Structure formats: structure tokens, C-alpha cells
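Let's take a walk through part of a protein model together. Have a look at the sequence and the fold, and then we'll go through it piece by piece.

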Amino acid sequence: MFVWTYKANLRPFIDGLKKQGQSIGFVPTMGALHRGHLALVERSLRENDRTVVSIFVNPTQFDRKQDLETYPRFPEKDLALLEKLDPEMIVYLPVAEDLYGGPVQREHFDLDGLDRVMEGRHRPGHFDGVATVVKHLFEAVRPDRAYFGEKDFQQLRIIQTLARKLNLPLQIVPVEIQRETDGLAMSSRNLRLSVAHRKAAPEIHRLLNLAREMALQGQNPEAIRMEISKRFKQNPLLELEYFEIADEKTLQFARTFEPGKKYRAFTAVFAGDVRLIDNMPLY
Ligand code: AMP
């Protein structure tokens, strides 16, 4: 395993691999790795000669100080997991100032309004922070393919837009949501759930499934939104922040389901002080 901290060391190493004609897959993460992350890493290992995994809890994308401070961190365990998957794995553990190459602050991006709905509306500055760090990471790693989970579907769409706008010569590869056996979407934040909240959390997936059934039965987006919001309110352990149905491409809220377009339900829910997000394709 090759572990790098500074761009000055990582870049020549990657240059060397590229000169040998090796393709580079990249999986950016914030660590506390689980099977969701590993699905991305495994896919990258299958599709590329070499894989780079970055682990970096990016301060500029957190809108709540407490969330940043309590974000789970298990560097040794993460490294052991990655080494087991591939002894040749390249791990990038950046230091913020070196990665940003100056002040650690977010830049502003024009993301075609994709950043103004849902997560963007409830977490001001979040996607500028994400776009800033991903831009720096792409510059440091210069991958051929980068892997992003549909768990953060809005983020995935924003990164695709960013890569297109910056003319980056790489392919963004989406990977399906990985779930626990009870349906809860895997997330590093699940580790912070109390026993009671962990038990309550699979309701999020059940209600997304219900939304899908209602859509298949021909109900309109607003009727689905009202019913699902009502069901969330019946659960005292979950506090709904939003439940929305949006066009997969534009992420604009849907008033009707138009033929030929794809739609998804998106939700953010507080289980105690832990904020969970999930989504599901409706068609
Ligand atoms: P994070 O460490 O939360 O920033 O996630 C790193 C990458 O893993 C992102 O592209 C996420 O979308 C992806 N990811 C996290 N959880 C899951 C999951 N349950 N299923 C699929 N991808 C995931």
C-alpha cells in the first residue's frame, strides 16, 4: 500500500504510473469506511489498473460545527480495510493547507441551480465546499475515472456538472446505494445513532419504498409528498427535514410525472442529532 500526504509526493508517483500507461480510478471519501464506500473501491479496482482512495474530512463542506467535530474518524481501521482489498492500493490522506494550496476556504461555483434545492437549500455553502475540495482532489490525483455513490445523488449530479464545466478529462461513474439488511442506507453517520434511533431509522427506506409504490399506482408527486410527510410525522424518533420528488436530471421539484423523464424521491431526516439522507428512483 502507498500512503501519501503531500501533493509534492503524490503527483510524481501518479505521473510515473501514467507514463507506464496505467489507468487511475479515484474514490474520494471522508473515511470511517463501510461497505458503501467499499462498493465504490471494488468497482474502481475492477475498471482501472490502479486505484487511489482519499480520506479527508473536508471542513469547508460542513455547515454545522458540531457535525464536523463529531464526524467519526478511524484512520487505522480504514487503512487496514483498504490494504486487504488491494495491497497495491494508493491512499491519499491530505493535509488541508497542502490540498487547498492556500487558505482553506470555499470557492463559489455556478452549478446551474443544482445546488439551490434540497441539500443546498438546507445546508448553505455545502456544495460550494464539496465542489472546491473535489476540484482540488481531481487536480492532485488526475484520475481517468472517479466513483461517486448515488447515496449522495445531488452531490453526484453536481460533480458531473462541475467536471463538464471545468472540462476535466475524466469520467464520473455513479454507484448504486448500498444498504444494511433492514434497508437503512449505509453511512458513516449511522455509527452515531443511539440504539433507539438505529431501530427507528429503517423507516426512512420503508417510506421511500411506499413513495415508489404510490408513484407506480399513478399518484401524483404532491399527493405522495403529503402522504409520506404525514407518515414521517407519526414517528416520534424521526424528524423530517424535507421529502421531495424531483427530476433526476435537473433536480427541480416535480409537479407531475412526465413520460420519458426520470424521477427520484429525496429525503433528509434527523434521528436525534444525526442527520440522515436517502433517495430512491421512482421510475
Ligand atoms: P463520504 O465518505 O460520506 O463522503 O462518501 C464517500 C463516497 O461514498 C461518496 O461518493 C458517497 O456517495 C459514497 N457512499 C457513501 N455511502 C454510500 C452508500 N451507502 N452506498 C453507495 N455509496 C455510498
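This is a predicted model: local features need pLDDT of at least 70, side-chain atom pairs count only at pLDDT 80 or more; totals for chains, interfaces and linings use all residues.

Residues are numbered from 1 along each chain as its sequence is written, and side-chain values use heavy atoms, leaving out hydrogens and water.

Strand 8 and strand 9 run antiparallel, joined by 8 bridges; two strands pair if DSSP finds at least two bridges between them. On to strand 7 (residues 238–247), which pairs with strand 8 (residues 263–271) in the antiparallel sense over 9 bridges. Within that pairing, Glu-239 has Phe-270 as its bridge partner.

Put together, you get an open sheet of 3 strands in the order 7-8-9. Strand 7 and strand 9 (274–281) are the edges, each pairing on one side only. Even so, 7 of the 10 residues of strand 7 are buried, so this strand is largely enclosed by the rest of the structure. Buried means under 20% relative accessible area, with a 1.4 Å probe and protein chains only.

What about the helices? The contact of helix 10 with helix 11 has 10 nonpolar, no polar and 2 charged residues. Nonpolar covers Ala, Val, Leu, Ile, Met, Phe, Trp, Tyr, Cys and Pro, charged covers Asp, Glu, Lys and Arg, and the others, Gly among them, are polar.

How values were computed: Buried means under 20% relative accessible area, exposed over 50%, partly exposed in between (1.4 Å probe, protein chains only). Helices (H or I, at least four residues) and strands (E, at least two) are DSSP runs, numbered from the N terminus.
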